[in-house]
Amino acid sequence: MPHVDGPVNYRATVPPPLRWHHPQMRVEQKRALASGITRAVHEAIGSPVEYIYVLIRETPGFHHVQGGEHLPDYLAAPAGQPR
């Protein structure tokens, strides 16, 4: 991150998280996805690129806990069905 004098208003500079999952993406697909998300967020809300963090989650749901409960593993919806 670039050096900033004084307090940083992270709410104004750091975009909210985006959840999206596609099982078994190739490395080049992940690079393209991360690059596209970064560019889109920067262009849409003006957040500095250095503040945009993209995480592609590939860990079991049990490794994630929300409200004290382990999350289930991701299950893809049947083709053509919303998730």
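Which helix does T38 lie in? I looked it up, and T38 belongs to helix α2, residues 27–45.

**Ground rules**

I am working from a predicted model, where local features need pLDDT of at least 70, side-chain atom pairs count only at pLDDT 80 or more, and totals for chains, interfaces and linings use all residues. Numbering starts from 1 along each chain as its sequence is written, and side-chain values use heavy atoms, with hydrogens and water left out.

**The chain overall**

I find two helices and two strands in the protein chain, in the order α-α-β-β from the N terminus on. Helices (H or I, at least four residues) and strands (E, at least two) are DSSP runs, numbered from the N terminus.

I noted that buried residues make up 11% of the 83 residues. Buried here is under 20% relative accessible area, exposed is over 50%, and partly exposed is in between (1.4 Å probe, protein chains only).

The accessible surface of the chain comes to about 7200 Å², with 57% of that belonging to carbon and sulfur atoms. These areas come from the Shrake-Rupley method with a 1.4 Å probe; for residues, only the protein chains shown count as cover.

I also checked contacts (heavy atoms within 4.5 Å). Of those with a separation of 6 or more, 42% are between residues 24 or more positions apart.

**Helix α2**

I went end to end on this one: α2 has 19 residues and spans 27 Å from first C-alpha to last, close to the 27 Å expected at 1.5 Å a residue. The expected span is 1.5 Å times one less than the number of residues. After α2 comes G46, and its phi is positive, near 75 degrees.

Is T38 buried or exposed? T38 counts as buried because its relative accessibility is 16%. Leaving aside residues up to four places away in sequence, I see T38 touching V49, I52 and V54.

L33 also has its place in helix α2. Its relative accessibility is 21%, so L33 counts as partly exposed.

**E58**

Where is E58 found? I located E58 in the loop between α2 and β1 (65–66). E58 counts as exposed because its relative accessibility is 53%.
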